[in-house]
Every structure is written in structure tokens, then in C-alpha cells.
Amino acid sequence: FDQWGVVSTGGVLQPDSWTLAGASGVFTRSTTTRRGRYSLSAQRVGTTLTIEVVVPVLYSAASQDSLRSRTVTGVAVVRSAQASSCRVRVTSEDGSGVVLSTTNSGYHAGGGTWSELSAEHTVHASAEQVRLSGRVEVDETSLWDELALSEGVLGDSLRRDVATTEW
């Protein structure tokens, strides 16, 4: 969430490439981060907040460049004081946004610490797109420092030292 060059139709600055949704919710840029310049502060009031991006399943017209039937991993680094409030969701969708399959991460444990949440999802064989969502499901303010989708299973052997290196 380091790039903030988009202004919504309501005149609010928001992070590039992300769709932010939730009635009565407040999204702001924060300088409290685990690393990087900015994080996304998401304040939920009454309605689930979502931070989303949609990724096409086909890289090109070639079938071997497809994510269909392959595993992807949605990962977020979140700071939350409230247990069972925040999680990651990955969905396979048809071309109209109809959900074909869904995988959720476990919930953040709370306590005000930075935690990594991840959800391994097998993309539906008929999917046209994959939706990665960060969700705030309980009234609170949480900080989102990272939210990413990776092809494959993101095991410990692929992760790098979180204090010094991007992965």
C-alpha cells in the first residue's frame, strides 16, 4: 500500500489498484507500518469492509498460461486489536463476478500485533477471474501493510526475512 495516487469519486485518496468498499467504513493512509512507507487503515462501523483486487485467470490466449485448476495463495500482513475481525478471502469467479469457489484464511488473533494471514485456494476449472479480498468483519480499526496474491503454495521455504527483504 505504498502507492496512493488515486482519488475516489468522493474526493478521497486511496491506494492504487485497489477497490475499497463498506458502507460507513473509513479508509485512510497511515504511516504506521511493519515496513514500507504507508499502510491502509480500515475502520469498520456496522458493515463488513473489503479491500479487493481482481486478477484475470488467463495471462494470454495460450491455455498453458492459465491459473485454472492451479493453486494460488492470498497473503496479508495485518495489525488488529480485535480477535476474529480480519481475514483474507480468495474466490474464483466467472466473467460476471459470480462466485464459483471460495477459500478463507483463519482470523487474526488480535492483541494489536502484526500477523500474517494466508489462504491457499485452488482456482476453479471454469474461472475467468480470481478476487483477492482483505476483510474487516467486526467493528474496529485495523492496519493492512501487505495484501498480495501469489501463484503456488507460499511455504516457509519461499518466504524471506520480513525485517529486511520484500518477498
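**Salt bridges and a buried serine**

Glu137 and Arg87 are both buried, where buried denotes a relative accessible area under 20%, exposed one over 50%, and partly exposed a value in between (1.4 Å probe, protein chains only). The structure is a predicted model, in which local features need pLDDT of at least 70, side-chain atom pairs count only at pLDDT 80 or more, and totals for chains, interfaces and linings use all residues. Residues are numbered from 1 along each chain as its sequence is written, and side-chain values use heavy atoms, with hydrogens and water left out.

Glu137 and Arg87 form a salt bridge whose closest N and O atoms are 2.9 Å apart. This pair links distant parts of the chain, 50 residues apart: Glu137 belongs to the loop between β11 and β12, and Arg87 to strand β8 (residues 86-93). A salt bridge here is a side-chain nitrogen of Lys or Arg within 4 Å of a carboxyl oxygen of Asp or Glu. Strands (E, at least two residues) and helices (H or I, at least four) are DSSP runs, numbered from the N terminus. The structure holds nine salt bridges.

Another of these pairs is Asp139 with Arg44, with 2.4 Å between the closest N and O atoms. Asp139 is partly exposed, at a relative accessible area of 42%; Arg44 is buried, at 12%.

Arg35 and Glu146 also meet through their side chains in a salt bridge, at 2.7 Å from N to O. Here too distant parts of the chain are linked: Arg35 sits in the loop between β4 (26-30) and β5, and Glu146 in strand β12 (residues 140-151), 111 residues apart. Both residues, Arg35 and Glu146, are buried. Together with Arg34, they are linked in a network of salt bridges.

Strand β5 (residues 39-44) also contains Ser39. Ser39 is buried, its relative accessible area being 0%. The side chain of Ser39 reaches the backbone oxygen of Thr32 at 2.7 Å. Contact means heavy atoms within 4.5 Å. Not counting residues up to four places away in sequence, Ser39 touches Phe1, Trp4, Thr28, Arg29, Ser30, Thr32, Thr33, Leu143, Trp144 and Asp145.

Key: A polar contact is a pair of N or O atoms within 3.5 Å; within protein, one must be able to donate a hydrogen and the other to accept it, and residues adjacent in sequence count only if both atoms are side-chain atoms.
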